[in-house]
Amino acid sequence: MKIALLGYGKMGQVIERIALERGHEIVLRKKSTDSFEGLEKADVAIDFSIPDAAVGNISTCLDQGVPVVSGTTGWLEHYPKMAALCEEKQGAFIYGSNFSLGVNLFFALNVQLAKMMAKFPEYKASMEEIHHTQKLDAPSGTAISLAKDIIEHSDYSSWALPGATPAKNDELLIDAQRIENVPGTHSVFYDSAVDSIEIKHTAHSREGFALGAVIAAEWLHGKSGIFTMKDVLNLS
Ligand SMILES: NC(=O)C1=CN([C@@H]2O[C@H](COP(=O)(O)OP(=O)(O)OC[C@H]3O[C@@H](n4cnc5c(N)ncnc54)[C@H](OP(=O)(O)O)[C@@H]3O)[C@@H](O)[C@H]2O)C=CC1
Ligand SMILES: O=C(O)C1=N[C@H](C(=O)O)C[C@H](O)C1
């Protein structure tokens, strides 16, 4: 497959290595000031860029009829617009806040636990995510996905970062920590007066995210529609 990389930073470079190992060819490595030259040759594009660039990159792919896998986080308020464009162009699009197999299993575990804990209001939920210091967005896209799933299956009505004012009772707090060189750690806590329950996913490197993105691109090639990693991994 011919792959266009939109974003060629920490993730783009690991994705390139894994894509080459799996027999693919890279036809574009786009950084901030580069053009889209080469995109027309691509079977699929993989966007791991920055929040402000994601919408432009995804739109350009859909306009040019190139299937697009986006792992960029921090732009999700524009997702409905991108989904509508994909439908209009009869294109192919996958967004994932996290492409690793482990985190997608963790998402499923989080839903099961949230359903169970909803019956026990003596436990208060909270979350923590830890990432490297270059990360532009907070909380992480993965943390937002986890929070949305908890909110859907509980009485929490929204998530919030800890602020100057105390959290409301129906607010799910997400503590976002930035520590040098941490690839990505997510925890969900349920605390009562007498004990605590915790689930945690720790990425040891960026390999899992990058492999998942390449697998998603291979899966998307030749399809049309809007998909998620649940479709790719056959997790319902
Ligand atoms: N979904 C997932 O599984 C994962 C998602 N991510 C997300 O992926 C994104 C990238 O992460 P990471 O690689 O660590 O970030 P980096 O900062 O290392 O890389 C970002 C890259 O995007 C480039 N860029 C900036 N503007 C544009 C543009 N207009 N078009 C194309 N490329 C552009 C930058 O180029 P330049 O150097 O010229 O500025 C740089 O090459 C983040 O949003 C992060 O949250 C990260 C890991 C896993
Ligand atoms: O910026 C990162 O590095 C990561 N971003 C994603 C997110 O925001 O959830 C996924 C992963 O945790 C690494």
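Q: Which pocket does the space taken by ligand 1 form?
A: This is a predicted model. Start with the open spaces in the protein. The space taken by ligand 1 is the largest pocket.

Q: Which elements give two or more residues to the shell around ligand 1?
A: Look at the helices and strands behind the shell. Here the elements are α1 (10-21) and α2 (51-63).

Q: How many residues surround ligand 1, and which are the closest?
A: The shell holds 22 residues. Lys 10, Met 11, Ser 32, Thr 73 and Phe 99 are the closest. By class, 7 residues of the shell are nonpolar, 11 are polar and 4 are charged.

Q: Where does ligand 1 have polar contacts with the protein?
A: Look for pairs of N or O atoms within 3.5 Å. Ser 32 places a polar side-chain atom 2.6 Å from an oxygen atom of ligand 1. For Phe 99, a backbone N or O atom lies 2.9 Å from a ligand oxygen atom. Asn 57 has a side-chain N or O atom 3.4 Å from a nitrogen atom of ligand 1.

Q: How much of ligand 1 does the protein bury?
A: Begin with the ligand alone. Ligand 1 then exposes 940 Å². The protein buries 79% of that.

Q: How many aromatic pairs does a search of the whole structure find?
A: The search finds 6. Take Phe 48 and Phe 99. Their ring centres are 6.0 Å apart and their planes stand at 55°, so the pair is tilted.

Q: Why does the pair of Phe 48 and Phe 99 tie together parts that are apart in sequence?
A: Find the loop that holds each residue. Phe 48 lies between β3 (44-47) and α2, and Phe 99 between β5 (92-95) and α4 (101-117), so the pair ties together parts 51 residues apart in sequence.

Key: Residues numbered from 1 in each chain as written. Chains lettered and ligands numbered in written order. Predicted model: local features only at pLDDT ≥ 70, side-chain atom pairs only at ≥ 80, totals over all residues. Heavy atoms only, no water. Near = heavy atom within 4 Å. Polar contact = N/O pair within 3.5 Å; in protein donor to acceptor, adjacent residues only side chain to side chain. Areas by Shrake-Rupley, 256 points an atom, 1.4 Å probe, with all protein chains shown as cover. 1 Å grid on protein atoms, 1.4 Å probe; cavity = no way out; pocket = protein on both sides within 12 Å on 5 of 7 lines; lining within 4 Å. Sits in = over half its atoms within 2 Å of the grid points. Helix = DSSP H or I, 4+ residues; strand = E, 2+ residues; numbered from the N terminus. Nonpolar A, V, L, I, M, F, W, Y, C, P; charged D, E, K, R; others polar. Phe/Tyr/Trp six-rings, centres within 6.5 Å; stacked < 30°, edge-to-face > 60°.
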